[in-house]
Amino acid sequence: MALTRESVVHGSKARPQDLPSVDKLLRLAAVQTLLDAHGHTLVTDEARALLDGLRARAVAGDLPSESLEADSLTASLCAQVEARVAPRLRCVVNLTGTVIHTNMGRSVLPQAAIDHVARMMSGPNNLEYDIAAGGRGDRDSIVEGLLCEITGAQAATVVNNNAAAVLLTLAALSHEREAIVSRGELVEIGGAFRMPDVMASAGAIMVEVGTTNRTHLVDYARAIGPNTGLLLKVHTSNYAVQGFTSAVPESELAQLSRERGVPLATDLGSGSLIDMAKYGLPKEPTPQEMLAAGCGVVTFSGDKLLGGPQAGLIVGDRELVGKIRKFPMKRALRLSKLPLAALEATLMLYLQPELLTRELPTLRWLTRSEREVNAMAQQLLEPLRAAVSPRFEVSVVALSSQIGSGSLPVERLPSAGLSITPVLSGKRGVGTALDALAQALRGLPVPVIGRIADDCLLLDVRCLDDATQVLQQLGALREALA
Ligand SMILES: *Cc1c(COP(=O)(O)O)cnc(C)c1O
């Protein structure tokens with residue numbers, strides 16, 4: 001049994017019969033710590049898997065005898081157990097330049113929301129309990145008051161995400177009835193959210209009006225009939241139609257809605273709760289403006305420009321929101337206590353607007369000055385250069401960040417970052433070298449995600465608050481590239 005250093009002949013290959021039994025492996029002194037930490041079931045499973053793998057290699061005559069030394073076996077077992085219990089959901093460093101990155105969890109929660117979630121999830125809470133009355137309460141009441149105060153709505157309800165908010169609104173207000181929508185607003189959002197399909201899923205009869213580039217008030221007016229349930233406006237958040245275009249503003253559509261007694265719902269998508277223009281950012285319509293313009297219902301996301309958790313917010317007229325809340329599908333789409341706690345704390349920040357650019361990561365990053373972003377890039381320049389030389393050269397460059405998540409698709413924010421290029425005599429091998437570098441960055445303990453463009457790997461540091469997140473991993477990067 002090759003469990004001791006002395007019994008191993010270096011350079012020789014182990015035979016299948018040299019492998020220890022699972023029991024013997026588990027009795028090794030160093031394995032006791034693993035057993036204490038993770039229990040018998042998992043460690044035994046992994047020990048068996050490890051030995052199976054080693055046996056296959058031994059059978060193939062491909063297993064160095066050293067692999068069966070006690071140290072080597074325990075190290076392998078440790079690594080395997082650690083890999084097995086390592087979460088699949090991991091932190092990454094988002095240096096893509098896209099602030100609200102859907103693939104990276106969209107908005108990062110403000111600390112107040114993280115604290116509130118942690119506190120509320122550590123014990124029972126009054127999610128659906130009316131403390132004053134001592135009986136059953138309504139989970140919507142946790143945030144309804146806040147949402148009404150912030151948006152000026154009469155009523156509000158919340159669901160799992162904005163896709164759910166749109167689905168529920170359509171189902172509750174236009175099930176088996178016509179919903180009128182402009183051909184210019186039949187959007188597809190990432191992840192197979194296509195307005196015509198959502199309308200069909202909700203059981204609404206889609207009535208398209210106007211054309212791709214131009215829709216007029218009279219188009220809506222002519223389409224209204226006895227079975228019309230809803231007028232629907234969709235904010236074309238992830239693309240822009242330019243040139244000879246015309247869309248009917250909510251205020252005009254709202255007047256038609258009142259005259260004909262057909263409710264108007266607007267899907268805003270992002271729905272920033274503050275005027276972005278105030279921060280020098282591109283203008284995005286707010287739910288407040290939509291309600292003031294006369295929309296009956298407005299739906300928007302919690303984790304886009306709002307900067308909170310995934311959630312779908314529905315605000316508007318008391319009667320319409322009441323209908324939506326009572327619709328049976330609501331129960332299947334309701335928000336769980338986790339995001340509800342995060343949403344409450346995030347909305348609370350909007351009562352203190354002066355705090356927003358400091359406390360809301362999304363807004364902090366969007367409003368970060370070019371000078372500050374540039375200073376962060378400068379701070380990383382030399383250490384990064386040292387880590388990737390001599391194979392790569394690094395420079396600080398001006399970049400343009402995107403807001404992301406379909407918000408303001410054509411707008412760019414002046415930013416800065418690092419550009420890394422392979423040191424090669426010609427163009428050959430540039431792509432391979434950049435792919436290898438990007439892979440090495442993704443392979444770090446906290447993966448660093450950049451983007452490749454124009455024969456460079458670009459690291460936009462707009463969303464990097466703390467340089468050490470990158471600096472302390474540069475040793476590992478250097479090793480990975482060696
Ligand atoms: C993002 C978006 C949605 C979907 O919102 P989720 O919160 O991702 O479900 C729906 N409509 C529009 C216009 C959007 O921009």
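This is a predicted model: local features need pLDDT of at least 70, side-chain atom pairs count only at pLDDT 80 or more; totals for chains, interfaces and linings use all residues.

Here is the tour, starting with the ground rules.

Residues are numbered from 1 along each chain as its sequence is written, and side-chain values use heavy atoms, with hydrogens and water left out.

The chain splits into domain 1 (16-85), domain 2 (93-100 + 366-481) and domain 3 (111-355), with bounds from an automatic or database domain assignment. Taken over C-alpha atoms, the centres of domain 1 and domain 3 are 54 Å apart.

Now for the ligand. Around it you'll find R106, N161, N162, A163, I189, F193, H235, S237, D267, G269, S301 and K304, where being near takes a heavy atom within 4 Å. By class, that shell has three nonpolar, six polar and three charged residues; Ala, Val, Leu, Ile, Met, Phe, Trp, Tyr, Cys and Pro count as nonpolar, Asp, Glu, Lys and Arg as charged, and the others, Gly among them, as polar.

Which polar contacts (pairs of N or O atoms within 3.5 Å) hold ligand oxygen atoms? The side chain of S301 puts an N or O atom 2.6 Å from one, a polar side-chain atom of R106 lies 2.9 Å from one, and a backbone N or O atom of N162 lies 3.0 Å from one. Most residues other than glycine have a negative phi, and most peptide bonds are trans. The peptide bond from S389 to P390 is cis, with omega near 0 degrees, while E176 has a positive phi, near 60 degrees.

How values were computed: A polar contact is a pair of N or O atoms within 3.5 Å; within protein, one must be able to donate a hydrogen and the other to accept it, and residues adjacent in sequence count only if both atoms are side-chain atoms.
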